[in-house]
Amino acid sequence: MLSRLDVQGFSRRALNPVKRLVSAWWRRQSPSRQDRFATLGPLLSVVLFLAAIVSAFWYLRNEEIEREAEAVKRDTEMAQQQIRSRLIDNEDQLIPLQRDLANRAIDNLEFTQRAMAIARNRPEITHITWLNARRERRVSVAAIGEQADTLMTLEGGDPSMPNGHANSEPERAFQAARDRRTRVYSASFADANNTTVFQIQMPLSDRNGFAGVLIAEYAVEGLLRYSVPNELTSRHAVAVLDPREQVVASTVTPMPGKRITRAPIYYEVPMAPAPGLVLRGQGYRTSIGLISNTLFWMVMALSVLTVWMLLGTWKHMRRRAQVQNALAAETNFRRAMENSMLTGMRAMDLETRISYVNPAFCAMTGFAESELIGRKPPFPYWPPDRYEENLRLLQQEMQGRSPAGGSEVKVMRKDGSIFDARMYVSPLIDPKGKQNGWMTSMTNITEAKRVRDQLSASHERFTTVLEGLDAAVSVLSVQQGELLFANRSYRLWFGADPKGHAMLAGSQLTGATSTKDTAFADAPPAVAGLDEDVDGDVDDYGGLPAQHLTEVGGDSREVFIAQLDMWFDVRARYLQWTDGRLAQMLIATDITARRHAEAQQQQQAEKAQVTSRLITMGEMASSVAHELNQPLTAITNYCNGMVSRVRGDNIQKDDLIVALEKTAKQAQRAGQIIHRIRAFVKKSEPQRQPAFAASIVEDSVELAGIELRRRNVQIHTYVAQRLPVMRVDPILIEQVLLNLLKNAAEAIDNAALPPSRRHIELRVVPKHTAELGANIEFSVTDMGPGLPVEVIERMYEAFFSTKADGLGIGLGLCRSIIESHQGRIRAENLYNGASIVGCRFAFTIPVDIPRPESPITPLATVNPLDKSGEPGTGTAHNTAATP
């Protein structure tokens, strides 16, 4: 046998290679990694020791749980066997009674005695009942005697009685026993005493077939109590659960108001042969757990203390390593930053000797670092002609009187070229707070100075241009209300007061009035003077972000300043001022002369409208005279007839009154014709007012009817129902309609068309287009020869006419009237194939409320001078003109 020394020598020889490998690996590690491993080794050992202790406790606990679970399983299966044996033994006692009942060998009295003997020795049986095939109770016996009369009867409502309903467990068992002719156990249910029970039903058969059943009802709690041995229940709790997993019986009685909860260790088996019932055995651990073990907590506390101390040591070493790494990184970073920055850095000691320069400084001057380190003034980059000036600046810096904004100097490169630079000087302070030198930064400003000079020259040119403009240009701060810029024209009109900007901007605090340049617009009210209080905000955008406002384009509007008696075309735009503030810029152009010219043009247009109406009436003079001659002749005839009959005393009072009424009616008719013509040709200012299309059409047709009857032309009028109200000048719209109707009648008459084509159609219907929106369209359609293409292209030109005696102002004036109402007018020929069969003039008037098109209802033929149809109702007129 080997000695102990031999064994030790063998072990050392076997471990030497491992030690050499570990030593080589350890030497290859850096000092920081060695420190880390030296700290983590003990920490890992403590963690492994704690894991071993926890694993041991855990293993013991699991072993105990497994033993307890095996004991619970064994006792639960034993309880299952005891209950099954008890039920089978009870069946053996009930089989002779079943056989005697089937053979009718016993009567009711003997059944009662034998059933009481069975129930008395088996307390788990609540009652034994004999039912016939019709579910009628023959005898029902309990352990204490016969059942009450209301129990086990169809009329008593006993839950234990088969009642013929499929939802009853006894009924299901009854049907199964009747169909299968074998014993059947029912599912559990609550009896009349609210006790959980189940039944065994044994069928009775005779020569005639099914004769009834023998029922024995078991109380689940009693079966559990009398079937399971006491030595088993003393070790573990046993409970019976229904299909809903509710505890219906248990060997452990719970506290009042509390439910029996499931133990951590349990085992379940079916309580056969009773269907749906489960037998659960429950067990509990007897030893203390891992959390309650004092030894475990002592080991845990010592391990935590050791880990905490090791972690503290490791953190301290890690912090030291981090500080060292940070110091090295900071040094490298500062060196890299100084070497990569474009600003030149120069350090001098207290004797003005250069002690440090960075690469940027060397690149600016063209001198190498070795050529600059240790040099004293004059430095090699000083221009020879500026020695005295640079020396004075250096002395000023040494005395601490260097300007805060730096000094602008001339620097000479090694090749002799000169550039502009700005130098900033600051003292160098050591860690003890003592100054040991000066640090100077130098920046090349040659390009920046050139750009600044160019910007200054550009600003002067721009200012000169703005000062020379005839328009007023002003910029106002939105938040502060401060006038930031104003050119010469603004100062000439408003001075340096920001109130002028507010008036041009249309602020509600001023009297400035913004108007739109539309025909027949009302004159704007006068504005207040410049001395009004306008210290409020310029507009409503003061609190909004400047970025969104400056993206909005400028708008244009016309503003009247009463004090200056001038009109201005104002364009506004929001912009970001040089200091970041939100500002509003206005460009106001004097348009007073243009406004006066437009006013004169408007007056001329009004005079042209009146002239056109007079010309129209002049052209219709003969027709008007003929129209007036008819009522005047009738008046003369009535008067002569009444005079003759009065002289002959051949007239009654009633006849005289009738004749006078007819005379007055003819005079009224003549007066209406004169009044309507006078109202049409009367000069008046344009007046926008609510008007109905039906009324305008009615008045226009009555005026045009004179000319149409003279030319033997018919007119058909269609007006849609429920048209919206228009806001127009009715006289001007009547003038347009009358001109179009007269032109259509002239075209038909001059073409000598046959009677079938001598008619005009006037339609008024609502429309809605994407371009114009909701509008009312007036159209005049004739069956005349139409218009040549060159006439359609030029018919709106001033003084262009196809008539030999025409002035050429009718259609052009109609167009200006319609466009002044924001409408459109157009003309087109009507074709039948390639032939022209008529012409159609149409114009639209916009309305505020869009309405759907309404059906047009033709009415009876009426005279154009008769009033028919209320405004807003659909009308259609067919007028036959007579010579």
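This is a predicted model: local features need pLDDT of at least 70, side-chain atom pairs count only at pLDDT 80 or more; totals for chains, interfaces and linings use all residues.
Valine 269 has leucine 279, in E11, as its bridge partner. A contact between a charge and a ring also involves this region: the charged end of arginine 280 sits over the ring of tyrosine 266, 5.5 Å from its centre. An arrangement of this kind is also found for arginine 763, whose charged end sits over the ring of tyrosine 718, 5.6 Å from the ring centre.

A further open sheet contains five strands in the order E13-E12-E16-E15-E14, again with antiparallel pairing. Strand E13 (354-357) and strand E14 (407-412) stand at its edges; each has a single partner strand, so one side of each is left without a neighbour in the sheet. The twist in this sheet averages 35° from one strand to the next. Three bridges connect strand E12 (residues 344-349) with E13 in the antiparallel sense. Among the residues involved, alanine 347 has tyrosine 356 of E13 as its bridge partner.

Aromatic side chains were examined next. A pair of aromatic rings is described by the distance of the centres and the angle of the planes. The count comes to 13 aromatic pairs. One of them, formed by phenylalanine 379 and tryptophan 382, is edge-to-face, with 5.2 Å centre to centre and 80° between the planes. Phenylalanine 379 counts as buried because its relative accessibility is 1%, and tryptophan 382 counts as buried because its relative accessibility is 7%, the cut-off for buried being under 20%. Both residues are part of one aromatic cluster formed by Phe361, Phe379, Tyr381, Trp382 and Tyr387.

For tyrosine 490 and phenylalanine 494, the ring centres are 5.1 Å apart and the planes stand at 40°, so the pair is tilted. Both residues lie in helix H12 (residues 488-494), where they are four residues apart, about one turn of the helix. Tyrosine 490 and phenylalanine 494 are both buried.

Key
Residues are numbered from 1 along each chain as its sequence is written. Side-chain values use heavy atoms; hydrogens and water are left out. Two strands pair if DSSP finds at least two bridges between them. Helices (H or I, at least four residues) and strands (E, at least two) are DSSP runs, numbered from the N terminus. Axes are lines fitted to C-alpha atoms, for helices over the stretch in contact, and angles run from 0 to 180 degrees between N-to-C directions. Rings of Phe, Tyr and Trp (its six-membered ring) pair if their centres lie within 6.5 Å; planes under 30 degrees apart count as stacked, over 60 as edge-to-face and the rest as tilted. Buried means under 20% relative accessible area, exposed over 50%, partly exposed in between (1.4 Å probe, protein chains only). A charge sits over a ring if NZ of Lys or CZ of Arg is within 6 Å of the ring centre and within 35 degrees of the ring normal.
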